[in-house]
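Dear colleague,

I am handing over the structure below, and my notes on what was found in it follow directly after.

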Amino acid sequence: MKIIICEDERELDIKAAEEFANHIRRKPDSVLGLATGSTPIGMYKQLVDMHKNEGLDFSRVITFNLDEYVGIPHDHPCSYHAYMDENLFNHVNISRENINIPNGLAESLEEECTNYEEKIKSVGGIDIQVLGIGRNAHIGFNEPGTPFHSITSVVELTPSTREANSRFFDSIDEVPTHAISMGIKTIMQAKKIILLAKGADKADAMYKALYGPITPDVPASVLQLHPNVTVFVDKEAAAKFPTKE
Ligand code: GLP
């Protein structure tokens, strides 16, 4: 695992975007695994700038998002469909048919999950997956206790995750109780993973994820078992890491 501690958010955004962009340049038809939340917004902004200023080409990439809420329309401002349009897709030359986000309004959510998992396989798997981390160390919407062999499924959000995400909604009652999320196994099958973490409220989760025991109680700790992970973390989120003598 490569750990890159950045001075501030801006440095993190630039370095993470560079890593992602290099991948797209090397393999223009890359399969990208994308994350939402406030953490990757700056990285997406850098990628949009690279597209506009340097011609970074998204025309052949295929994307799969980690997760989506169940039961809110795609044009709801808090849906991850709307988030992705606003922060990336509307500003780059991606082909709409190459975008995949779980459909939380599907008639059969179970079928939606099976099809999503199959579709990832059918394009050869995810080349590079970006992840944020929840305060309880969740990845995607895989909450503590999720088995490491889980695949894409409907998951129930913990009260703490609903509370954390209520900042985007008008009130906590509006935060959906369920989501569709890629599973831990789905995430671990990505060929490369980049994990981003910013801010003091992630310090505990990041310490446990990287240096604690590998356990389903700390979903992100599974990443210690992945052969190709790069972590981009700011000083605040790295505050509990052991210091080198
Ligand atoms: C959500 C998302 C996760 C994300 C996490 C952290 O629950 N499903 O993919 O990593 O929140 O979000 P933030 O970056 O806003 O702290």
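Thr 161 has a relative accessibility of 2% and therefore counts as buried (buried means under 20% relative accessible area, exposed over 50% and partly exposed in between, with a 1.4 Å probe and protein chains only). Thr 161 sits in helix α5, residues 159–165 (helices are DSSP runs of H or I of at least four residues, strands runs of E of at least two, numbered from the N terminus). Setting aside neighbours within four places in sequence, Thr 161 is in contact with Asn 136, His 138, Phe 141 and Glu 143, where contact means heavy atoms within 4.5 Å.

Please keep in mind that this is a predicted model, in which local features need pLDDT of at least 70 and side-chain atom pairs count only at pLDDT 80 or more, while totals for chains, interfaces and linings use all residues. Residues are numbered from 1 along each chain as its sequence is written, and side-chain values use heavy atoms, with hydrogens and water left out.

Turning to the sheet, seven strands form an open, parallel arrangement in the order β1-β10-β9-β6-β2-β3-β5 (two strands pair if DSSP finds at least two bridges between them). Because β1 (2–6) and β5 (99–100) stand at the edges with a single partner strand each, one side of each is left without a neighbour in the sheet. Strand β2 (residues 31–34) pairs with strand β3 (residues 62–65) in the parallel sense over four bridges, and Leu 32 stands opposite Thr 63 in β3.
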